[in-house]
Amino acid sequence: ERLQEMKNHLDSKASLKVRIRGWIIGVYLVGQYLALAYGVWGVYSWDVMEPICYFLTTSVNLCGLAYFVNYKKEGRYDTLLEHLAHRQRLKLYERYNFNEERYQHLLQQSSTL
């Protein structure tokens with residue numbers, strides 16, 4: 001019971017941190033879009049901004065490729081957020097000395113009783 005409460009607490013804490021990171025990523029992308037739009041229509045012309053947009057898009061695609069090569073998962077936002085949540089849970093489990101394998105073993109033993 002206490003282990004279940006601790007696990008739920010750590011999982012909810014990890015989920016909150018990942019949601020915050022997701023919002024930060026979203027705000028960054030919106031800010032990037034607005035900065036590029038301002039550059040195109042407000043300050044410079046498309047002739048100046050086209051190479052910047054090209055290199056920025058290429059950089060984002062290369063980051064997605066690097067993610068795929070390292071983790072063998074699609075570079076979609078939901079996959080990325082799941083990966084971040086898993087890593088965050090593992091960090092929290094380690095920080096609070098929560099052994100998930102032992103927890104699963106105890107659950108299996110209690111279900112056989």
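1. Basis. This is a predicted model, in which local features need pLDDT of at least 70 and side-chain atom pairs count only at pLDDT 80 or more, while totals for chains, interfaces and linings use all residues. Residues are numbered from 1 along each chain as its sequence is written, and side-chain values use heavy atoms, with hydrogens and water left out.

2. Helix H1. Helices here are DSSP runs (H or I, at least four residues), numbered from the N terminus. H1 (2-43) has 42 residues and reaches 59 Å from its first C-alpha to its last, close to the 62 Å expected at 1.5 Å a residue; the expected span is 1.5 Å times one less than the number of residues. Its buried residues are Lys7, Leu10, Ala14, Val18, Gln32, Ala37, Gly39 and Val40, where buried means under 20% relative accessible area, exposed over 50%, and partly exposed in between (1.4 Å probe, protein chains only). These residues of H1 pack against H2, H3 and H4, with contact meaning heavy atoms within 4.5 Å.

3. Helix H2. The 26 residues of H2 should span 38 Å at 1.5 Å a residue, and the end C-alpha atoms are 36 Å apart, which agrees. Met49, Cys53 and Tyr67 are the buried residues of H2, and their cover includes H1 and H3. Ile52 also lies in H2; at 42% relative accessibility, Ile52 counts as partly exposed. Although Ile52 and Ala14 are 38 residues apart along the chain, the separation to note is that of their C-alpha atoms, 36 Å.

4. Helix H3. H3 covers residues 77-95; its 19 residues should span 27 Å at 1.5 Å a residue, and the end C-alpha atoms are 26 Å apart, in agreement. Buried in H3 are Thr79, His83, Leu84, Ala85, Gln88, Leu92 and Tyr93. The elements covering them include H1 (2-43), H2 (46-71) and H4 (100-112).

5. Gln88. This residue is found in H3 and is buried, with a relative accessible area of 5%. Leaving aside neighbours within four places in sequence, Gln88 is in contact with Ala14, Lys17, Val18 and Arg21. Of these, Ala14 and Val18 are among the buried residues of H1.

6. Nonpolar core. A nonpolar core is a set of buried Ala, Val, Leu, Ile, Met, Phe, Trp, Tyr and Cys residues joined through side-chain atoms within 4.5 Å. The largest has six residues: Leu10, Ala14, Leu92, Tyr93, Phe98 and Tyr103. H1 and H3 are the elements that give two or more residues to this core. Leu10 touches Leu92, Tyr93, Tyr96 and Phe98, not counting residues up to four places away in sequence.

7. Aromatic pairs. Rings of Phe, Tyr and Trp (its six-membered ring) pair if their centres lie within 6.5 Å; planes under 30 degrees apart count as stacked, over 60 as edge-to-face and the rest as tilted. The structure holds four such pairs. One of them, Tyr54 with Phe55, is edge-to-face, at 5.3 Å centre to centre and 70° between the planes; both of these residues are exposed. The ring centres of Phe98 and Tyr103 are 5.5 Å apart with the planes at 45°, so that pair is tilted. Phe98 and Tyr103 are both buried, and together with Tyr93 they form one aromatic cluster.

8. Largest pocket. A pocket is an open set of points on a 1 Å grid over the protein atoms alone, where a 1.4 Å probe fits, with protein on both sides within 12 Å along at least five of seven lines; lining residues have an atom within 4 Å of a point. The largest pocket holds about 490 Å³ of space, the volume being that filled by probe spheres set on the points. Of its 15 lining residues, Val60, Cys63, Gly64, Tyr77 and Leu80 lie nearest its centre. H1, H2 and H3 each supply at least two lining residues, and H2 gives the largest share, seven.

9. Positive phi. Most residues other than glycine have a negative phi. Asn97 is not a glycine, yet its phi is positive, about 55°. Asn97 lies in the loop between H3 and H4 and is exposed, with a relative accessible area of 71%.
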